Amino acid sequence: MKKSYGLGIALALSLVIAGCSNDAVDHSAMGHSEPQQEELTQEVISEEDGKRVFDLNVTETHWMFNDEIMDDAWTYNGSLPGQEIRVQEGDSVLVNVTNSLDEPTALHLHGFPVPNEMDGVPGVTQNAIMPGETFTYEYQADVPGTYWYHSHQDGARQVGKGLYGVFIVEPKDGQSYDLDEVIVIDEWSSMGMGDMDHSNMDHGSMNHGDMDHSNMDHGSMNHGDMDHGNMEKEEMDHGDVSSGSNGLSHAEMMNEMYDTMIINGKATPQIESIQVEEGNKMKLRFLNAGLFTQVVSIPGHSFKITNYDGQSVNEPEWLNDTAFRIAPAERYDVVIELDNPGAWGVQVFAEENRENLQSLIPIVYSGYESNDLQTTETISSFFDFTAYGEAVDVNLPDITKEFDMILGTNDGGETFTINDKLFPDHESYEVEEGDVVKFTIVNDTDVDHPMHLHGEFFNVISKDEVPISGSPILKDTLNVRPGETYEIVFEAKNPGIWMFHCHEFHHANAGMMAEVRYKGFEPGFSINPNIPNKPE
């Protein structure tokens, strides 16, 4: 048995499966690579004036996904995923980010409600961290949960090259587990997607700080005096993942380019299996750090989904023979009842790219190490979070502001819009502290859009005009599938300028970004026009 309270959680990945079947997979000869760059991947943690201090060095690292697939990844402290940051509820936390790359970067703490100046969005909350510079992020770890951190500078490229890691806040009086493992799902391209330049847009002159908010009229909002570098929409290059001259759609290009499933930085068959004992208590924290909606199927065991995006589910029920979808940036905490000895393969596959992106995560009981993996024969049902758990009144105050968010495309998927607007000429929603805000989000495209709101959690109150009937749903990222409509509500309690965007980074790069702006809020920094801030 092992616990994953530090860096480099080792999970095994079995042979890539050809489909959902119970065909045996022999994992007895799986390779186990030695830790790479060991001198770089040690935890860098210290105590300073009662604060937990983490030093993250952003650097390029030659990374071996397995014995055949290797590439130059961008990493935090030489590890993919980056060093796990795990703290206790109530800790004061400092994260010193030193940029050892040759281009600017920044760090966004995803899902955790930090003060606006700590949100890590270049051109919106700070200037990007230039090569050789260090920026310190500071916050109070007062909301337990499973979160993550990643670059928010040119995200499609930088996160795609590996700039992400896990951030966990343990509750003061939380339940203990024999195993508490993080499973980070990602994908890689043997065609060099990590090196693609996803945009020629220069947002270095984008000035949120000089906007005059005193007389803002949302109905005729001109976004103040933001200077977007004199960009013309018709000249914007939204990335190389587009139809272009080869006639392929964005989705078709994605399916061709991304061909390797990555689990915790490794591809089949280079990682150890999760070794368990009958009767163990095990928690798996699933995080999708990639670009595809993934399907997860847990064979042979009952399980509960206890948290969405780190936030508790009220009275979760035991599930069997049920797969769940996890979209980009979402987190699902799962507790598994380990009462069925054997060797089992948790199936993970990209729903829209299963041929290329599928794998198994072995869970192997003691004494069954030489057994073939058993998998789910068929997926009979999918998890529905709208009717899961026990309902309870969340006592939301009366709604004071309502907005529509129409997710669209004007050109069949070359660009993506919110209310027919493309970033940087984007939609801006004005709120005041104390407002109770309702968004109606409608997906008028034919692809998924995992919509992420910075700075605030929101309650999901209805789907397709049907109220939520199960546990209250509190999230920071909501996947809106084609044709779906959701209503969400949040209380405006965290003043700032907060991005609200699709977390399929190519969609954000192609224009699907908006902002929630508190009336009268002035950023605490000045835009440096010499820094190429790229918040998308």
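## Strands E26 and E30

In which sense do strand E26 and E30 pair, and over how many bridges? Strand E26 covers residues 449–453, and its pairing with E30 is antiparallel, over four bridges. His-452 stands opposite Thr-477 in E30. The model is a predicted one.

Both strands belong to an open sheet of five strands. The order is E24-E33-E32-E26-E30, and the pairing is mixed. Strand E24 (428–431) and strand E30 (477–480) stand at the edges. Each has a single partner strand, so one side of each is left without a neighbour in the sheet. From one strand to the next, the twist averages 20°.

## The chain overall

The protein chain has three helices and 33 strands. It holds 536 residues, and buried residues make up 60% of them.

Now the contacts. Take those in the protein chain with a separation of 6 or more: 80% of them come from residues 24 or more positions apart.

## The six-stranded sheet

A further open sheet has six strands, in the order E11-E10-E13-E18-E15-E16. Its pairing is mixed. Which strands stand at the edges? They are strand E11 (260–263) and strand E16 (311–312). Each has a single partner strand, so one side of each lacks a neighbour in the sheet.

Strand E10 (residues 179–188) pairs with E11 in the antiparallel sense, over four bridges. Trp-188 stands opposite Thr-260 in E11. E10 also runs parallel to E13, and seven bridges join the two. There, Ile-185 stands opposite Asn-288 in E13.

Is strand E13 mostly covered or mostly uncovered? Strand E13 (residues 281–288) is mostly covered, with seven of its eight residues buried. Seven bridges join E13 to strand E18 (residues 331–337), and these two run antiparallel. Arg-285 stands opposite Asp-333 in E18.

## Aromatic pairs

How many aromatic pairs does a search of the whole structure find? The search finds 23. Phe-112 and Tyr-139 form one of them, a tilted pair. Their ring centres are 5.9 Å apart, with 50° between the planes. Phe-112 lies in the loop between strand E6 (108–110) and strand E7 (134–140), and Tyr-139 lies in strand E7. The pair therefore ties together parts that are 27 residues apart in sequence. Phe-112 is buried, and so is Tyr-139.

Tyr-308 and Phe-385 form an edge-to-face pair, because their planes stand at 70° and the cut-off for that class is over 60 degrees. Their ring centres are 5.9 Å apart. Tyr-308 lies in strand E15 (residues 303–308). Phe-385 lies in the loop between strand E21 (381–382) and strand E22 (401–408). This pair ties together parts that are 77 residues apart in sequence. Both Tyr-308 and Phe-385 are buried.

## Cluster and charges over rings

Tyr-308 and Phe-385 also belong to one aromatic cluster.

Two arginines lie over ring faces. Arg-325 lies over the face of Phe-382, at 3.9 Å from the ring centre. Arg-354 lies over the face of Phe-349, also at 3.9 Å from the ring centre.

## Helix H2

Which residues of helix H2 are buried? In H2 (residues 250–257), His-250, Met-253, Met-254 and Met-257 are buried. They cover an arc of only 100° around the axis, which puts them on the same side of H2. The buried residues of H2 pack against helix H3 (505–509).

## Around Leu-407

Leu-407 is found in strand E22. Its relative accessibility is 0%, so Leu-407 counts as buried. Leu-407 and Val-442 are 35 residues apart in sequence. In space, they are 6.0 Å apart, C-alpha to C-alpha.

Which residues does Leu-407 touch, not counting those up to four places away in sequence? Among them are Thr-417, Ile-418, Ile-441, Val-442, Asn-443, Asp-444 and Thr-445. Leu-407 also touches His-449, Met-451, Val-480 and Met-512.

Note on methods:
Residues numbered from 1 in each chain as written. Predicted model: local features only at pLDDT ≥ 70, side-chain atom pairs only at ≥ 80, totals over all residues. Heavy atoms only, no water. Phe/Tyr/Trp six-rings, centres within 6.5 Å; stacked < 30°, edge-to-face > 60°. Buried < 20%, exposed > 50% of the residue type's maximum accessible area, 1.4 Å probe, protein only. Lys NZ or Arg CZ within 6 Å of the ring centre and 35° of its normal. Pairing = 2+ DSSP bridges. Axes fitted to C-alpha atoms, helices over the stretch in contact; angles between N-to-C directions. Arc of directions from axis to C-beta. Contact = heavy atoms within 4.5 Å.
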